[in-house]
Amino acid sequence: MDSAVRQHRDRLPSVAIPCGDASLWSVLKQVIGKELSKITMPIQFNEPLSFLQRLTEFMEYSYLLNKASEATDPAERMQYVASFAVSGLASNWLRLGKPFNPLLGETYQDERQDFRFISEQVSHHPPISAFHAESPAFRFYGDINPKIKFWGKSVEIQPKGIFTVELPKWNETYTWSNVSCYVHNIIVGKLWMEQYGTMEIINHSNGYRCELNFKPAGWYCRDLHRVEGFVLDSSKARRLFLYGKWTDFMKSTDIKSYDEYNTSSSNRGLKSESSKESVTHTPRKMLAKLNSLTIGSFKHSTDEANGSDDGHCPPEPPDGEIPKSSSTISLEIPNSTTLWIADPRPSYSAEYYHFTLFAMASNELPPPEAGIKICPTDSRFRPDIRLMEEGQVEPAAQEKTRLEEKQRDARKARRNRKEKEEKARWFKPSVHPLTKQECWFYSGGFWETKEYQAINIF
């Protein structure tokens with residue numbers, strides 16, 4: 001049986017663990033304005049996947065990179081690469097459980113019909129996860145150092161790091177960084193999330209770029225989930241207009257159709273970039289002042305301590321409410337081409353941490369008859385994650401504590417021996433030749449290794 005074509009499971013062994021009496025606010029109220037990646041959270045707030053496994057979900061719509069490689073026009077190639085960048089965020093929607101922090105040296109591998117993927121936790125302080133995916137049509141690699149902060153009513157997740165796509169057929173290299181994610185209603189109401197900011201995808205080979213604006217929901221929620229932007233050529237001339245929702249789809253249209261639609265009297269709302277009436281474009285300092293009236297004194301003191309005017313956070317709907325898209329703006333411009341549509345989640349997804357079918361299979365061990373060799377440091381061998389997906393809460397919490405203490409003890413022992421942190425096995429740090437930022441690059445050899453060294457990290 002080949003791993004690329006074998007049938008994957010479509011459910012977890014057990015339904016999601018309820019949070020019970022655990023309160024996220026009780027954990028976070030002591031760390032307002034601070035970085036949360038080092039904070040130990042109760043296991044009830046986790047989902048049964050490692051962050052390395054979550055990274056693999058960027059590959060769910062890898063066919064978009066195959067389409068990019070097949071396209072002969074550079075603007076078309078860019079639209080597919082940009083759609084791939086957006087599609088990697090779709091599985092985040094409704095996924096409010098925190099993935100397990102990977103242990104230093106932990107790995108995760110995945111082989112599918114059209115790609116193979118390897119990731120490794122290459123640093124513990126700061127926590128950095130590196131990955132590399134490859135196929136005959138593309139290479140996709142990068143690293144993430146997630147920064148998490150609590151701002152009173154919301155949690156901000158900043159996925160620091162550079163993502164790179166190479167299309168060997170065209171000798172092209174694209175780079176981008178992901179936008180921030182915000183989780184709202186930490187104190188009151190039901191949690192919900194949004195992606196917010198500008199994503200710039202750059203083709204370093206021909207000067208093409210795509211600037212995508214992920215819009216905040218705002219107080220009236222008219223722009224909930226919306227993404228839009230232009231593909232620009234090397235002379236900064238607009239070639240295509242891309243639009244959609246990061247949760248659902250992306251489309252493109254030619255500039256003539258966009259301009260005609262945008263200037264028609266019935267659809268002037270599309271000009272949200274320059275609209276003075278849109279709440280999402282109310283001056284940020286004013287929004288910060290309005291927000292401070294509802295957040296309370298603890299938020300005020302945090303802003304003073306951090307020198308922040310809250311200008312980096314999107315405006316929020318009223319306390320406790322979950323926004324629904326009330327946009328009157330049409331999301332169907334004439335002569336549009338659909339680039340990507342998110343696969344529907346199974347009807348029972350909410351019972352299993354809102355996982356997609358792709359995520360359901362991430363922690364599944366291949367059957368012995370498949371003949372697939374899994375590295376002993378793979379996330380699928382973590383006992384805490386395995387116990388949690390089986391619904392065994394207390395044993396999972398005990399194993400999580402044991403692994404965290406084991407990692408701390410090993411780090412302390414190395415420090416006492418005046419040894420440096422263990423080197424990553426499959427990745428090495430270097431300066432990105434195009435962005436000039438320090439990144440982690442795959443050093444090779446993982447797939448060629450016949451016998452993996454038995455490293456006892458679990």
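Modeller: The second largest pocket holds about 390 Å³ of space. This is a predicted model, where local features need pLDDT of at least 70 and side-chain atom pairs count only at pLDDT 80 or more, while totals for chains, interfaces and linings use all residues. Residues are numbered from 1 along each chain as its sequence is written, and side-chain values use heavy atoms, with hydrogens and water left out.

A pocket is found on a 1 Å grid over the protein atoms alone, as an open set of points with protein on both sides within 12 Å along at least five of seven lines. Lining residues have an atom within 4 Å of a point. Points are joined across faces, edges and corners, and the volume is the space filled by probe spheres set on them.

Twenty residues line this second largest pocket. Glu 60, Arg 112, Asp 343, Leu 357 and Phe 358 lie nearest its centre. The lining has nine nonpolar residues, four polar and seven charged. Here Ala, Val, Leu, Ile, Met, Phe, Trp, Tyr, Cys and Pro count as nonpolar; Asp, Glu, Lys and Arg count as charged; the others, Gly among them, count as polar.

A cavity is a set of grid points where a 1.4 Å probe fits but cannot get out. The whole structure has two cavities of 30 Å³ or more. About 120 Å³ lies in the largest cavity. It is lined by 15 residues, with Arg 6, Gln 109, Asp 110, Glu 111 and Arg 380 closest to its centre. That lining divides into five nonpolar, four polar and six charged residues.

Helices (H or I, at least four residues) and strands (E, at least two) are DSSP runs, numbered from the N terminus. Arg 380 is buried, at 6% relative accessible area. Buried means under 20%, exposed over 50%, and partly exposed in between, with a 1.4 Å probe and protein chains only. The Arg 380 side chain reaches the backbone oxygen of Gln 109 at 2.6 Å. It also makes a polar contact of 2.8 Å with the side chain of Asp 378. A polar contact is a pair of N or O atoms within 3.5 Å; within protein, one must be able to donate a hydrogen and the other to accept it, and residues adjacent in sequence count only if both atoms are side-chain atoms. Beyond four places in sequence, the contacts of Arg 380 (heavy atoms within 4.5 Å) include Gln 53, Tyr 108, Ser 362, Ile 374 and Arg 386.

Follow the contact to Gln 53. This residue lies in helix H2 (residues 51-56). A polar atom of its side chain lies 3.4 Å from the backbone oxygen of Ser 362. Leaving aside neighbours within four places, Gln 53 also touches Tyr 108, Asn 363, Ser 379, Arg 380 and Ile 385, among them. The C-alpha atoms of Gln 53 and Pro 99 are 8.6 Å apart, across 46 residues of chain.

Next, the nonpolar interior. A nonpolar core is a set of buried Ala, Val, Leu, Ile, Met, Phe, Trp, Tyr and Cys residues joined through side-chain atoms within 4.5 Å. The largest one has 56 residues, and Phe 140, Trp 176, Met 199, Ile 201, Leu 212 and Phe 214 have the most contacts inside it. Helix H4 (residues 74-87) gives the most to this core, eight residues. Apart from it lies another core, of 15 residues, including Leu 12, Leu 49, Tyr 352 and Ile 385.

Helix H3 (residues 63-70) has buried residues too: Leu 64, Leu 65, Asn 66, Ala 68 and Ser 69. Their cover includes H4, strand E6 (139-150), strand E8 (163-167) and strand E16 (337-341). Asn 66 counts as buried at 18% relative accessibility. Its side chain makes a polar contact of 3.3 Å with that of Asp 114. Setting aside neighbours within four places, Asn 66 is in contact with Asp 114, Ser 135, Ala 137 and Phe 138.

Last, the whole protein. It has 10 helices and 18 strands. Of its 458 residues, 54% are buried.
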